[in-house]
Amino acid sequence: MKNLKERQEVINYSIKLNTTNLSPLRSGNISVRGIEEGVEGFFILTEDISLRKRAEESLKSSELIYRSLTELLPLSLVVMLENKIVYCNAAAVELVGAKSEDDLLGRDFLDFVHPDHHELVKERRIERIQKGHIARAEYKQIRMDGSEFYTEVGGLSIPWQGGTAGLVL
């Protein structure tokens, strides 16, 4: 071992095992240590990640189904994080008279609630956070053009990008 060079090469790679089920593998590192006359050896770590790959594909499929469902839903659907709109479907855009979802994203939900109902909506938000859901209630809302309308709203808490958001229908 006294002839061992101080040089060490580490090569990161991924590999797909060519077996009958084509199970994907995740690899670790190949460490190659050289000595003056040649290669001393190497070490390969692999892990079968088939289950993770299937779970990722299933999640992508579920997300696509969810997004398609929410977009085709004839009811207004809004997701709020810290009372800011982070997602809305086409029915929500149409309901408040916006041109596109970009007109709503990032806006405070209270911008679309009549001032007479702000306190009620704030109370309902606290209730949703504490209980995880709220019963349906009527609110007076405001469209982009300032016109008023009444709507029946219900909501629940949902996981959203590492936090908890409010989903309002």
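Asp108 and Lys84 form a salt bridge in this predicted model, and the closest N and O atoms of the two side chains lie 3.9 Å apart. Lys84 has a relative accessibility of 36% and counts as partly exposed, because a residue is called buried under 20%, exposed over 50% and partly exposed in between.

Side chains of opposite charge can pair when their charged atoms come close. Under the rule applied here, the count comes to nine salt bridges, and the table gives three of them, including the pair already described.

| Salt bridge | N to O distance |
|---|---|
| Asp108 and Lys84 | 3.9 Å |
| Arg136 and Glu152 | 3.6 Å |
| Lys140 and Glu148 | 3.7 Å |

The salt bridge between Arg136 and Glu152 also links distant parts of the chain, with Arg136 placed in strand β9 (residues 133–142) and Glu152 in strand β10 (residues 148–160), 16 residues apart. Both partners of this pair are partly exposed, Arg136 with a relative accessible area of 47% and Glu152 with a relative accessible area of 45%.

In the salt bridge of Lys140 with Glu148, the two partners fall into separate classes of accessibility: Lys140, at 15% relative accessibility, counts as buried, whereas Glu148, at 45%, counts as partly exposed. Elsewhere, salt bridges that share partners join Arg52, Lys53 and Glu56 into one network.

The aromatic side chains can be considered next. A pair of aromatic rings is described by the distance of the centres and the angle of the planes. Tyr87 lies in strand β8 and Trp160 in strand β10, so the pair ties together parts of the chain that are 73 residues apart in sequence. Tyr87 and Trp160 are both buried.

A further contact brings a charge and a ring together: the charged end of Arg143 sits over the ring of Phe149, at 4.2 Å from the centre of that ring.

Notes:
Residues are numbered from 1 along each chain as its sequence is written. This is a predicted model: local features need pLDDT of at least 70, side-chain atom pairs count only at pLDDT 80 or more; totals for chains, interfaces and linings use all residues. Side-chain values use heavy atoms; hydrogens and water are left out. A salt bridge is a side-chain nitrogen of Lys or Arg within 4 Å of a carboxyl oxygen of Asp or Glu. Buried means under 20% relative accessible area, exposed over 50%, partly exposed in between (1.4 Å probe, protein chains only). Helices (H or I, at least four residues) and strands (E, at least two) are DSSP runs, numbered from the N terminus. A charge sits over a ring if NZ of Lys or CZ of Arg is within 6 Å of the ring centre and within 35 degrees of the ring normal.
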